[in-house]
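Hi,

Here is the structure I promised to pass on. Have a look at it first, and then read my notes below.

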Amino acid sequence: MGPDVHRRSPLAMAALALLCYEPLHPYRMQQLLKQWGKGDVVNVGQRATLYKVIERLDREGLIAVREVLREGQRPERVVYEITAEGRRVVVEWVRAMVASPAPDFPEFPAGMSFVMLLGPDDALAQLECRRADLQAELDRQTEGLRGAVGVPRVALLDSEYQWAVTGTELRWVEGVVDDLRSGRLTWSEDQLRAAARAGEETAGEDAG
(Lines give C-alpha, C1' and ligand atoms only; values in the text may rest on other atoms or scores of the structure.)
Protein backbone atom coordinates (compact mmCIF):
# COMPACT_ATOMS: atom_id res chain seq x y z
CA MET A 1 0.00 0.00 0.00
CA GLY A 2 1.16 3.55 -0.72
CA PRO A 3 1.49 6.25 1.93
CA ASP A 4 -1.75 7.99 0.94
CA VAL A 5 -4.10 5.03 1.44
CA HIS A 6 -3.75 4.87 5.23
CA ARG A 7 -6.36 6.95 7.03
CA ARG A 8 -4.63 9.05 9.67
CA SER A 9 -6.15 9.69 13.09
CA PRO A 10 -4.74 10.64 16.50
CA LEU A 11 -5.81 7.31 18.00
CA ALA A 12 -4.27 5.27 15.18
CA MET A 13 -1.07 7.29 15.46
CA ALA A 14 -0.96 6.73 19.23
CA ALA A 15 -1.44 2.97 18.84
CA LEU A 16 1.35 2.72 16.29
CA ALA A 17 3.62 4.92 18.41
CA LEU A 18 3.19 2.67 21.44
CA LEU A 19 3.95 -0.41 19.37
CA CYS A 20 7.21 1.19 18.24
CA TYR A 21 8.52 0.49 21.74
CA GLU A 22 7.14 -3.00 22.44
CA PRO A 23 4.41 -5.46 21.42
CA LEU A 24 1.15 -4.82 23.31
CA HIS A 25 -2.45 -5.93 23.49
CA PRO A 26 -5.17 -3.28 23.06
CA TYR A 27 -6.17 -3.18 26.74
CA ARG A 28 -2.59 -2.42 27.75
CA MET A 29 -2.42 0.31 25.08
CA GLN A 30 -5.47 1.98 26.58
CA GLN A 31 -3.98 1.72 30.09
CA LEU A 32 -0.68 3.29 29.03
CA LEU A 33 -2.33 6.18 27.16
CA LYS A 34 -4.39 7.00 30.25
CA GLN A 35 -1.44 6.61 32.63
CA TRP A 36 0.70 8.92 30.53
CA GLY A 37 -2.04 11.57 30.41
CA LYS A 38 -2.58 11.22 26.67
CA GLY A 39 -6.35 11.13 27.17
CA ASP A 40 -6.31 14.93 26.89
CA VAL A 41 -5.19 14.77 23.26
CA VAL A 42 -6.30 11.30 22.13
CA ASN A 43 -9.79 9.87 22.66
CA VAL A 44 -9.08 6.63 24.52
CA GLY A 45 -12.25 6.50 26.62
CA GLN A 46 -14.04 3.89 24.50
CA ARG A 47 -12.16 0.61 24.27
CA ALA A 48 -14.42 -0.53 21.42
CA THR A 49 -13.18 2.38 19.33
CA LEU A 50 -9.58 1.41 20.00
CA TYR A 51 -10.30 -2.20 18.99
CA LYS A 52 -11.80 -1.01 15.69
CA VAL A 53 -8.69 1.07 15.00
CA ILE A 54 -6.46 -1.91 15.84
CA GLU A 55 -8.44 -4.13 13.46
CA ARG A 56 -8.04 -1.57 10.68
CA LEU A 57 -4.30 -1.20 11.25
CA ASP A 58 -4.00 -4.99 11.12
CA ARG A 59 -5.95 -5.20 7.86
CA GLU A 60 -3.75 -2.52 6.32
CA GLY A 61 -0.56 -4.33 7.28
CA LEU A 62 0.68 -1.63 9.67
CA ILE A 63 0.62 -4.04 12.60
CA ALA A 64 0.58 -7.83 12.90
CA VAL A 65 -0.39 -10.39 15.53
CA ARG A 66 2.64 -11.34 17.63
CA GLU A 67 0.95 -13.89 19.88
CA VAL A 68 -2.33 -14.79 21.57
CA LEU A 69 -2.23 -14.99 25.37
CA ARG A 70 -4.53 -17.36 27.23
CA GLU A 71 -4.58 -17.29 31.03
CA GLY A 72 -6.99 -19.65 32.73
CA GLN A 73 -10.61 -18.60 32.34
CA ARG A 74 -9.74 -15.05 31.30
CA PRO A 75 -10.56 -13.94 27.74
CA GLU A 76 -7.67 -14.38 25.35
CA ARG A 77 -5.61 -11.29 24.58
CA VAL A 78 -4.10 -10.67 21.18
CA VAL A 79 -0.66 -9.07 21.33
CA TYR A 80 0.27 -6.95 18.32
CA GLU A 81 3.61 -5.74 16.99
CA ILE A 82 4.33 -2.98 14.49
CA THR A 83 5.49 -3.81 10.96
CA ALA A 84 8.15 -2.04 8.95
CA GLU A 85 5.39 -0.33 6.97
CA GLY A 86 3.74 0.73 10.21
CA ARG A 87 6.95 2.34 11.44
CA ARG A 88 7.33 4.24 8.19
CA VAL A 89 3.71 5.41 8.20
CA VAL A 90 3.63 6.55 11.84
CA VAL A 91 6.77 8.67 11.32
CA GLU A 92 5.14 10.30 8.29
CA TRP A 93 1.96 10.91 10.28
CA VAL A 94 3.84 12.57 13.13
CA ARG A 95 5.74 14.78 10.67
CA ALA A 96 2.48 15.86 9.00
CA MET A 97 0.69 16.48 12.31
CA VAL A 98 3.55 18.59 13.65
CA ALA A 99 4.39 20.53 10.50
CA SER A 100 1.05 21.60 9.04
CA PRO A 101 -2.15 22.87 10.72
CA ALA A 102 -5.14 20.81 9.61
CA PRO A 103 -8.71 22.12 9.25
CA ASP A 104 -10.60 21.57 12.48
CA PHE A 105 -14.21 22.31 13.34
CA PRO A 106 -14.63 22.37 17.14
CA GLU A 107 -18.04 23.12 18.65
CA PHE A 108 -17.15 26.27 20.58
CA PRO A 109 -16.33 28.53 17.60
CA ALA A 110 -19.38 27.15 15.81
CA GLY A 111 -21.56 28.01 18.79
CA MET A 112 -20.04 31.47 19.11
CA SER A 113 -20.77 32.16 15.45
CA PHE A 114 -24.48 32.13 16.33
CA VAL A 115 -24.33 33.32 19.94
CA MET A 116 -26.56 36.26 18.97
CA LEU A 117 -29.49 33.83 19.14
CA LEU A 118 -29.10 33.75 22.92
CA GLY A 119 -29.23 37.46 23.61
CA PRO A 120 -26.58 39.33 25.66
CA ASP A 121 -27.77 38.23 29.12
CA ASP A 122 -28.06 34.56 28.19
CA ALA A 123 -24.71 34.64 26.38
CA LEU A 124 -23.11 36.18 29.47
CA ALA A 125 -24.51 33.45 31.70
CA GLN A 126 -23.25 30.66 29.43
CA LEU A 127 -19.80 32.20 29.03
CA GLU A 128 -19.48 32.62 32.78
CA CYS A 129 -20.13 28.88 33.08
CA ARG A 130 -17.47 28.21 30.46
CA ARG A 131 -15.02 30.50 32.23
CA ALA A 132 -15.43 28.54 35.46
CA ASP A 133 -14.93 25.23 33.66
CA LEU A 134 -11.86 26.56 31.85
CA GLN A 135 -10.35 27.79 35.11
CA ALA A 136 -10.89 24.39 36.72
CA GLU A 137 -9.34 22.65 33.70
CA LEU A 138 -6.37 25.03 33.70
CA ASP A 139 -5.81 24.34 37.40
CA ARG A 140 -5.91 20.58 36.72
CA GLN A 141 -3.43 20.88 33.87
CA THR A 142 -1.13 23.08 35.95
CA GLU A 143 -1.07 20.53 38.77
CA GLY A 144 -0.41 17.76 36.26
CA LEU A 145 2.62 19.55 34.88
CA ARG A 146 3.93 20.37 38.34
CA GLY A 147 3.54 16.75 39.36
CA ALA A 148 5.44 15.39 36.36
CA VAL A 149 8.75 15.41 38.23
CA GLY A 150 11.50 13.57 36.42
CA VAL A 151 9.53 13.21 33.18
CA PRO A 152 11.54 14.39 30.15
CA ARG A 153 10.09 17.60 28.74
CA VAL A 154 9.74 16.07 25.28
CA ALA A 155 7.14 13.69 26.75
CA LEU A 156 5.17 16.64 28.13
CA LEU A 157 5.03 18.90 25.08
CA ASP A 158 1.44 17.90 24.33
CA SER A 159 0.47 18.77 27.92
CA GLU A 160 2.29 22.10 27.67
CA TYR A 161 0.39 22.88 24.46
CA GLN A 162 -2.98 22.00 26.04
CA TRP A 163 -2.13 24.18 29.04
CA ALA A 164 -1.23 27.12 26.78
CA VAL A 165 -4.39 26.71 24.67
CA THR A 166 -6.62 26.49 27.73
CA GLY A 167 -5.02 29.58 29.25
CA THR A 168 -5.39 31.56 26.04
CA GLU A 169 -9.06 30.60 25.66
CA LEU A 170 -9.71 31.47 29.31
CA ARG A 171 -8.25 34.96 28.88
CA TRP A 172 -10.30 35.52 25.73
CA VAL A 173 -13.53 34.37 27.38
CA GLU A 174 -12.82 36.62 30.36
CA GLY A 175 -12.46 39.57 27.99
CA VAL A 176 -15.79 38.84 26.30
CA VAL A 177 -17.47 38.41 29.69
CA ASP A 178 -16.13 41.80 30.79
CA ASP A 179 -17.40 43.42 27.58
CA LEU A 180 -20.86 41.89 28.04
CA ARG A 181 -21.04 42.97 31.66
CA SER A 182 -20.03 46.55 30.87
CA GLY A 183 -22.33 46.84 27.87
CA ARG A 184 -19.44 47.39 25.45
CA LEU A 185 -20.70 44.27 23.66
CA THR A 186 -24.44 44.06 23.11
CA TRP A 187 -26.98 43.43 20.37
CA SER A 188 -30.67 43.21 19.70
CA GLU A 189 -32.82 41.49 17.11
CA ASP A 190 -33.62 44.84 15.50
CA GLN A 191 -29.91 45.67 15.18
CA LEU A 192 -29.16 42.30 13.61
CA ARG A 193 -32.03 42.59 11.13
CA ALA A 194 -30.90 46.11 10.17
CA ALA A 195 -27.35 44.86 9.64
CA ALA A 196 -28.64 42.01 7.48
CA ARG A 197 -30.68 44.41 5.34
CA ALA A 198 -27.70 46.71 4.93
CA GLY A 199 -25.60 43.76 3.82
CA GLU A 200 -28.18 42.73 1.26
CA GLU A 201 -28.34 46.28 -0.14
CA THR A 202 -24.55 46.46 -0.42
CA ALA A 203 -24.44 43.09 -2.16
CA GLY A 204 -27.11 44.26 -4.59
CA GLU A 205 -25.16 47.41 -5.42
CA ASP A 206 -22.00 45.39 -6.02
CA ALA A 207 -23.87 43.01 -8.31
CA GLY A 208 -25.33 45.92 -10.28
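A quick word on naming before the findings: helices (H or I, at least four residues) and strands (E, at least two) are DSSP runs, numbered from the N terminus. Also, please keep in mind that this is a predicted model.

Let me start with the second largest pocket. About 170 Å³ of space lies in it. Which elements each supply at least two residues of its lining? They are α2 (26-35), α3 (47-59) and β2 (77-82). If you want to click through the lining of this pocket, pick H25, P26, Y27, Y51, I54, E55, R74, P75, E76, R77, V78 and Y80. Sorted by class, that lining comes out as seven nonpolar residues, four charged and one polar.

Next, α2 itself. Its buried residues are P26, M29, Q30, L32 and L33. Looking down the helix axis, you would see these buried residues fall within an arc of 165°, so they line one face of α2. What do they pack against? The partners are α1 (10-19), α3 and β2. After the helix comes G37, with a positive phi near 75°.

Over in α3 there is an arginine to look at, R56. Is R56 buried or exposed? Its relative accessibility is 7%, and buried means under 20%, so R56 counts as buried. Beyond its neighbours within four places in sequence, R56 is in contact with R7, S9 and A12.

Finally, there is a tryptophan, W187, in the loop between α7 (157-182) and α8 (189-207). W187 has 15% relative accessibility and therefore counts as buried as well. Setting aside neighbours within four places in sequence, its contacts are V115, M116, G119, P120, A123, L180 and L192. With M116 there is a further detail: the W187 side chain reaches the backbone oxygen of that residue at 3.1 Å. To see how the chain comes back on itself here, take W187 and L117: they are 70 residues apart in sequence, yet 10.0 Å apart in space, C-alpha to C-alpha.

That is what I have for now. Happy to go through it together at the screen.

Cheers

Technical notes: Residues numbered from 1 in each chain as written. Predicted model: local features only at pLDDT ≥ 70, side-chain atom pairs only at ≥ 80, totals over all residues. Heavy atoms only, no water. 1 Å grid on protein atoms, 1.4 Å probe; cavity = no way out; pocket = protein on both sides within 12 Å on 5 of 7 lines; lining within 4 Å. Points joined across faces, edges and corners; volume = space filled by probe spheres on them. Nonpolar A, V, L, I, M, F, W, Y, C, P; charged D, E, K, R; others polar. Buried < 20%, exposed > 50% of the residue type's maximum accessible area, 1.4 Å probe, protein only. Contact = heavy atoms within 4.5 Å. Polar contact = N/O pair within 3.5 Å; in protein donor to acceptor, adjacent residues only side chain to side chain. Arc of directions from axis to C-beta.
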